[in-house]
Amino acid sequence: MAGPQIYVFFPGTAREALTFYADVFGGALSLHTYQDFGRSDGPPDAVAHGVLNGVVALAGSDAAEGRATVRPEGIMLSLLGTAEPEVLHEWFDRLSVDGSVLDPLSPKPWGASDGQVIDRHGLHWLVGYEPAI
């Protein structure tokens, strides 16, 4: 890993969310349950630790009892220039399903193309690219 990795505490939806991100971005997904880790602070089948490794890396778990869950305020996950434009458009479209498009992925006055979406699991994404030279 080259830099910080986002780790999200989900409200009992980690399996669904991390599987969704694996479907959107590809990569290898590993999931471990509370039972696998011998934890008793949540349901045995809850995700204690999950990791998506690939072009987009993301980790998370189901929040233990009494812990806060994801509330991304004042932060975006940036995918600027992380793939070819057609792939970024596909990712944006897939993240948008049952989510909320804040700004369509389209050309901007400064020459780049970008857009913002909050996906169905509450993560805020900035997706975009510079024009081809």
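Phe-20, Tyr-21, Phe-25, Trp-91 and Trp-125 are joined into a cluster by ring pairs. The model is predicted, and it holds 6 aromatic pairs. One of them, Phe-25 with Trp-91, is edge-to-face. Tyr-21, Phe-25 and Trp-125 are also among the residues that touch the most other members of the largest nonpolar core.

**Aromatic pair Phe-25/Trp-91**
- The ring centres of Phe-25 and Trp-91 are 5.0 Å apart, with 85° between the planes.
- Phe-25 belongs to helix α1 (residues 14-25) and Trp-91 to helix α2 (residues 85-96), so this pair ties together parts that lie 66 residues apart in sequence.
- Phe-25 and Trp-91 are both buried.

**Largest nonpolar core**
- This core has 26 residues, and those touching the most other members are Tyr-21, Phe-25, Leu-79, Leu-95 and Trp-125.
- At least two core residues come from each of β1 (7-10), α1, β3 (47-53), α2 and β8 (124-129).
- Helix α1 supplies the largest share, 8 residues.
- In soluble globular proteins, nonpolar side chains tend to be buried together.

**Contacts of Tyr-21**
- Leaving aside residues up to four places away in sequence, Tyr-21 touches Phe-10, Gly-26, Leu-52, Leu-58, Leu-95, Asp-119, His-121, Leu-123 and Trp-125.
- Two of these partners, Leu-95 and Trp-125, are listed with Tyr-21 among the core residues that touch the most other members.

**Charge over a ring**
- Arg-39 places its charged end over the ring of Tyr-34, at 4.1 Å from the ring centre.

Notes. Residues numbered from 1 in each chain as written. Predicted model: local features only at pLDDT ≥ 70, side-chain atom pairs only at ≥ 80, totals over all residues. Heavy atoms only, no water. Phe/Tyr/Trp six-rings, centres within 6.5 Å; stacked < 30°, edge-to-face > 60°. Helix = DSSP H or I, 4+ residues; strand = E, 2+ residues; numbered from the N terminus. Buried < 20%, exposed > 50% of the residue type's maximum accessible area, 1.4 Å probe, protein only. Lys NZ or Arg CZ within 6 Å of the ring centre and 35° of its normal. Core = buried A, V, L, I, M, F, W, Y, C linked by side-chain atoms within 4.5 Å. Contact = heavy atoms within 4.5 Å.
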